[in-house]
Amino acid sequence: MSKMHVKLTVNGQEVEGLAEPRTLLIHFLRENLNITGPHIGCETSHCGACTVDMNGKSVKSCTLFVAQANGADVTTVEGLVNEDGSLGVIQEMFREHHGLQCGFCTPGMITRAHRLLQENPAPTEEEVRFGMAGNLCRCTGYQNIVKAILASADALNAQKEAAE
Amino acid sequence: MIPAGFEYHRPADIASAIALLQQHGDEARVIAGGHSLIPMMKLRMADLSHLVDLQGISGLSGITIGEGSVSIGAMTTQNALITDAALAEAVPILREAALQIADPQVRYLGTVGGNVANGDPGNDMPGLMQCLDATYTLVGPDGERQVAARDFYEAAYFTAREDEEILTAITIPIPAAKGYAYVKQKRKIGDYATAAAAVLLGEGFASVAMTNLADTPVHSDAASAALAEGDVEGCVREALQAIDPQEDMRGPIAFKKHVAGVILRRAITKAQERAA
Ligand SMILES: Cc1cc2nc3c(=O)[nH]c(=O)nc-3n(C[C@H](O)[C@H](O)[C@H](O)COP(=O)(O)OP(=O)(O)OC[C@H]3O[C@@H](n4cnc5c(N)ncnc54)[C@H](O)[C@@H]3O)c2cc1C
Ligand code: FES
Ligand code: FES
């Protein structure tokens, strides 16, 4: 099959490349662009390790052809750092609250949590658990992930208040 | 888990999409959210060489609340069903069911049109649409036609839709009945139903449909009539007679029938509470 020309914005930068239409977005990110934050856990749409943000939605990049993402605006965990390159708030809270062990699920967790908090800046614990239901973790038992996300909400809201 | 190669098309209007489907026959398939189709393509269970993406066609998504009915564009995502406040007011059972489908990531991309057109008995929307007596609008080379959800499903993955037709919208009469419930038994979040029941209940009126308990969704007139008369046991008996579950990894037939009865009773109780 012939390759097609794709162009998308990833972490604020325009990128272009040639890819077969059947290339999954996760493979394009990892192999063509060397953006290895999004992980391949199951490749069957179940684990959420491949979660990225696309046009303001959390999506599983293993269940999306790069052809479908042509023209889209994509953010990965790499794009969630502060301007100076230091850890962003959610990343910092995962570290502080021990929201990871092996870290394999973490990029997907953080990217999903980012969108969740954009849509619901002050979620209850139950809302966090429901909103994170598409992301699996084999290590932590989720407790500290939930804690880290609730702490992120507080920190982000405090930041917003201070700016006003 | 890489699908076989295909040529990708992103037409800008319905006419071009239909022309592509006509040109490539059963080599072509439309893709909406891709969250049923791509997993099938990865397993090499869907064989196609042309993929026609509907995302570039404007006017296929959106929710319009009219006088007596609601119209939902085929490309409306399941997430949009959950977040639309006016829809939750007009047809609350839609939101209740959508919240029980898959997980947030799947719902951001998965569409209502894809869910009802797919023909997988595990999909939740078809049974729900039968319960609501929805109508599907199909557009093909010969123009537009309407098919009732109750007449649409023929067997697993076989529907009344012709290969070169595109489902563009779903029309749902706004229920007068105040009682409603969508109750689903699943093994975990993101799982298809072991059994699910959709119930609408009002003054002298009821509608009952079941999901994943036969190779099509099952709307039962007899079960609905019994419940409309207040006969819960009769309703459950009729519904259990209408289903035809198969043994699979979700359990043997006797277990599924048992779960179907439990889930239907729960849905009826919930609908009765809301109707009161
Ligand atoms: C992990 C996971 C869990 C899931 N759990 C559930 C669940 O619990 N309940 C449930 O109901 N679903 C579930 N799904 C399926 C999901 O809801 C799908 O999104 C949905 O079934 C199909 O919608 P889609 O837009 O993704 O369609 P696609 O995958 O793009 O298409 C599905 C089929 O419909 C056809 N089609 C799509 N749109 C049209 C159209 N407008 N006109 C004509 N034909 C069309 C396609 O050609 C294809 O054959 C799950 C999916 C995943 C990955
Ligand atoms: S790798 Fe995409 S959901 Fe698991
Ligand atoms: S930290 Fe190991 S999978 Fe989540």
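Predicted model: local features only at pLDDT ≥ 70, side-chain atom pairs only at ≥ 80, totals over all residues.
Chain B has an open sheet of 4 strands, ordered 11-12-13-14, with antiparallel pairing. Strand 11 (179-185) and strand 14 (218-219) of chain B are the edges; each has a single partner strand, so one side of each lacks a neighbour in the sheet.

Strand 11 of chain B is joined to strand 12 (residues 195-202) of chain B by 7 bridges. In this pairing, B:Ala195 of strand 12 stands opposite B:Gln185.

## Helices on the sheet

Helix 8 (residues 125-132) of chain B packs on the sheet and touches strands 11, 12, 13 (205-211) and 14 of chain B. Its direction makes about 165° with that of strand 13 of chain B.

Helix 12 (residues 253-275) of chain B also packs on the sheet, touching strands 11, 12 and 13 of chain B. The angle between the directions of helix 12 and strand 11 of chain B is about 150°.

## Salt bridges

Over all chains, the structure holds 14 salt bridges. One of them joins B:Lys270 and B:Glu96 at 3.9 Å, N to O. B:Lys270 lies in helix 12 and B:Glu96 in helix 5 (residues 92-98) of chain B, so the pair ties together parts 174 residues apart in sequence. B:Lys270 is partly exposed at 31% relative accessibility; B:Glu96 is buried at 15%.

B:Asp191 and B:Arg250 meet at 2.7 Å, N to O, in another salt bridge. Both residues are buried.

B:Arg265 and B:Glu233 also form a salt bridge, at 2.7 Å, N to O. This pair links helix 12 to helix 11 of chain B.

Conventions. Residues numbered from 1 in each chain as written. Chains lettered and ligands numbered in written order. Heavy atoms only, no water. Pairing = 2+ DSSP bridges. Helix = DSSP H or I, 4+ residues; strand = E, 2+ residues; numbered from the N terminus. Contact = heavy atoms within 4.5 Å. Axes fitted to C-alpha atoms, helices over the stretch in contact; angles between N-to-C directions. Salt bridge = Lys/Arg side-chain N within 4 Å of Asp/Glu carboxyl O. Buried < 20%, exposed > 50% of the residue type's maximum accessible area, 1.4 Å probe, protein only.
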